[in-house]
Amino acid sequence: MADTTIRELRASRWNVELTESFGIATGAQARAENVLVRVTLSDGTVGLGEAAPFPAVNGETQEDAVLAVSRAAEALRGLDAERFRVVADAAREAATESPSARAAIETAVLDAFTKRANLSLWKFFGGAEETLETDITIVTGGPAHARAAAERAIAAGFSTLKIKVGGVPLEEDVARMAAIVEVAPHARLVLDANAALSVDEAVELVERIGKERVALFEQPVARDDLQGMRAVRRRTRVRVAADESIRSPADVSLVAFERAADVVNVKVTKCGVAEACDIVAACRSFNLGLMIGGMVETKLAMSLSACLAAGRGGFEFVDLDTPLFMKEGGMLQEPTGGSGPVAATLAGGYEQSGSTLRVSSILCGHGVTVTC
């Protein structure tokens, strides 16, 4: 048996309280109900991954992810972590209905393999850039909340604000945007509707705000409405990003063919690490811009995504901010048995100063440790 053979794969429920509810147009999450995945190789090396299901986005739950990891454990046992594509294919087949579980499994396997090789995941992915500049999200809420959040963001050194829109009457979003612009007149603004608007609503929102203020409009209409996406691009003359519309490399080709977007938001949680790399390659082949994002994830999953984006290079938009919404390391609970939830401590990963994320300091794997 090779030292890099997968010996064990197990999952723990991982609940992390948020500093405020993470609200988007289609719902809100009061706490992160995620899953910590541990992969142990035959030589004892342990790799960590994180599943971050977000029911308001894709209907996937924490329990779905736990069950998917449990089903995948037998299929992956005995596979060689060095043959990552083989492992990724097995994970996709065993956990078809839970992309967040696949992402966590693949992350944990890569973390274990690169730890054993004494190699940073940033360098594993290519080592193209040492730092990234992330935005920060202003979640749903009233104008006063939006103004206060924008003030805090600018004071903390963020120059790009991502504003969740939709799910409320248009006038409310216009009022929120006015409050943000008042205190952050020079900020680069990214609007994100999470597929909640009609074409006419999206166009009117841009017109009311002023297209010169909008750097990007992310997923303004329903994921399958590619003609609607194209119409928003044509009528507003602002750049449009596809998020919910992209779950595979094949989706990239459809978006490109329909001229439905200028940018693609690559999220490992939507498809897994291997397929995310394929999506990046597809975007480049169709000359589509790149954005890296995530669900409501801790620094563990965000560090993997940061290593991917900086390692590959060329990501114009970076949305890796959800750890800033989290309190401490959360609570871990084994799926069965045990003595109840225990407090977790999370450390390592990228270094953050204001909006700057530095990955070059990560020495091996994604650099994140979780202890109880």
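# A walk from Asp319 through the fold

Let's start at Asp319, which sits in the loop between β12 and β13. Strands here are DSSP runs of E with at least two residues, helices are runs of H or I with at least four residues, and both are numbered from the N terminus. Keep in mind that this is a predicted model, where local features need pLDDT of at least 70, side-chain atom pairs count only at pLDDT 80 or more, and totals for chains, interfaces and linings use all residues. Residues are numbered from 1 along each chain as its sequence is written, and side-chain values use heavy atoms, with hydrogens and water left out.

Is Asp319 buried or exposed? Its relative accessible area is 6%, so Asp319 counts as buried. The cut-offs are under 20% relative accessible area for buried, over 50% for exposed, and partly exposed in between, using a 1.4 Å probe and protein chains only. Which side chain does the side chain of Asp319 meet in a polar contact of 2.6 Å? That partner is Lys162. A polar contact here is a pair of N or O atoms within 3.5 Å; within protein, one must be able to donate a hydrogen and the other to accept it, and residues adjacent in sequence count only if both atoms are side-chain atoms.

Lys162 also turns up among the residues in contact with Asp319 once neighbours within four places in sequence are set aside, a list including Thr134, Asp135, Thr137, Gly293, Gly294 and Met302. Contact just means heavy atoms within 4.5 Å. As for Ala301, it is 18 residues from Asp319 in sequence, and the C-alpha atoms of the two are 13 Å apart.

Phe325 lies in the loop between β12 (315-318) and β13 (331-333), and Phe22 lies in strand β1 (residues 6-24), so their pairing ties together parts that are 303 residues apart in sequence. Rings of Phe, Tyr and Trp (its six-membered ring) pair if their centres lie within 6.5 Å; planes under 30 degrees apart count as stacked, over 60 as edge-to-face and the rest as tilted. The count by this rule is three aromatic pairs. For Phe22 and Phe325, the ring centres are 5.3 Å apart and the planes are at 85 degrees, so this one is edge-to-face. Phe22 has 5% relative accessibility and counts as buried; Phe325 also comes out buried, at 5%.

Phe124 and Phe125 make another edge-to-face pair, with 5.4 Å centre to centre and 75 degrees between the planes. Phe125 is buried at 4% relative accessible area, whereas Phe124 is partly exposed at 32%. Together with Phe113, these two form one aromatic cluster. A ring also features in a charge arrangement: Lys299 lies over the face of Tyr350, 4.9 Å from the ring centre. The rule for that is NZ of Lys or CZ of Arg within 6 Å of the ring centre and within 35 degrees of the ring normal.

Now for some backbone. Most residues other than glycine have a negative phi. Gln219 has a positive phi of about 40 degrees although it is not a glycine. You'll find Gln219 in the loop between β8 (214-218) and α9 (226-236), buried with a relative accessible area of 0%. Asn287 has a positive phi too, near 60 degrees. Asn287 belongs to the loop between α12 and β11 (289-292), and it is exposed at 71%.

Ser245 is in the loop between β9 (240-242) and α10 (249-258) and is buried at 5%. With Arg223, the side chain of Ser245 reaches the backbone oxygen at 2.8 Å.

Zooming out, the protein has 13 helices and 18 strands. For 372 residues, a compact globule would have a radius of gyration near 21 Å, and the protein agrees with its 20 Å; the radius is taken over C-alpha atoms, and the globule rule is 2.2 Å times the number of residues to the power 0.38. Buried residues make up 57% of the 372. Of the contacts with a separation of 6 or more, 74% join residues 24 or more positions apart.
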